[in-house]
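Student: I am new to this structure. Please show me how to read it, feature by feature.

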Amino acid sequence: MTVAIRATDLVKSYTPGVRALDRVSLEVSHGEVLVVMGPSGSGKSTLIRTFNGLERLDGGFLDVLGVRLDSTHAEPQVRAIRRRVGMVFQQFNLFPHLSILDNIALAPVKVQKRPKAEVEQRALELLAQMGIQEQAEKYPAQLSGGQQQRVAIARALALDPEVMLFDEPTSALDPERVKEVLDAMRQLASGGMTMVVVTHEIGFARDVADRGMFMDQGQVVETSDPATFFTAAREERSRRFLSQMA
């Protein structure tokens with residue numbers, strides 16, 4: 001498989017002398033699902049946010065779908081990446097004054113300059129895929145947290161991304177709403193979408209991951225196939241963390 005994302009010696013610091021990312025290198029292949037796990041503050045979210053230019057690198061470089069990004073953080077490259085990479089966050093970040101349909105259609109119409117009728121039809125198809133097509137004319141406040149997060153996934157997919165990034169997408173949800181979001185993500189994974197997922201949902205990770213990666217203190221501790229990662233991790237830090245999550 002060809003490489004979708006290649007990270008080489010990534011460095012990011014928020015505080016002088018403390019590295020949120022400490023020379024991180026990795027590759028993600030097209031069609032692969034990489035699940036990233038680790039304790040709070042390990043650098044997981046910082047890493048995934050560098051992949052679409054939300055965090056500016058202090059050192060190293062990225063190649064995302066053939067577009068290079070480094071510490072110069074050139075705006076044309078950032079825009080080129082964001083046109084092809086979708087992201088779903090912990091918070092839903094929906095516009096409260098827009099209907100669900102308009103939330104999904106806004107970026108394709110305004111940014112990609114696609115015809116509104118075509119975009120709205122695609123938005124309805126995505127809502128149906130997410131199992132919430134009946135919510136199209138409602139507003140975010142009228143939906144549950146799980147429904148809002150599925151709208152956020154549909155909104156990202158409306159831009160027809162080649163890669164999807166998920167930053168702990170279920171962490172803000174009530175337990176009974178987690179399954180519906182994870183089921184939507186499973187559907188994407190089974191369809192061959194390239195995905196990088198930061199999550200603490202170990203059952204989901206076992207089901208969908210092509211590889212698991214454990215981070216701690218801004219470094220990649222280990223990366224391996226699911227069978228090894230979840231049952232026979234090589235590093236003590238990984239084993240201890242995963243045993244607590246099981």
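Tutor: Strand S9 (residues 211-216) is mostly covered, with 5 of its 6 residues buried. Buried means under 20% relative accessible area, exposed over 50%, partly exposed in between (1.4 Å probe, protein chains only). Strands (E, at least two residues) and helices (H or I, at least four) are DSSP runs, numbered from the N terminus. This is a predicted model: local features need pLDDT of at least 70, side-chain atom pairs count only at pLDDT 80 or more, and totals for chains, interfaces and linings use all residues. Residues are numbered from 1 along each chain as its sequence is written, and side-chain values use heavy atoms, without hydrogens and water.

Student: In which sense do S3 and S9 pair?

Tutor: Two strands pair if DSSP finds at least two bridges between them. Strand S3 (residues 33-37) and S9 run parallel, over 4 bridges. Val 35 has Gly 212 of S9 as its bridge partner.

Student: And in which sense do S9 and S10 pair?

Tutor: Antiparallel, over 5 bridges, with S10 spanning residues 219-224. Met 215 is bridged to Val 220 in S10. The two strands, S9 and S10, form a hairpin with 2 residues between them. Gln 217 in the turn has a positive phi of about 55°.

Student: Which domains does the chain have?

Tutor: Domain bounds come from an automatic or database domain assignment. Here that gives domain 1 (3-84 + 163-244) and domain 2 (96-161).

Student: Which side chains meet in a salt bridge?

Tutor: A salt bridge puts a side-chain nitrogen of Lys or Arg within 4 Å of a carboxyl oxygen of Asp or Glu. Arg 150 and Glu 180 meet this way, at 3.0 Å, N to O.
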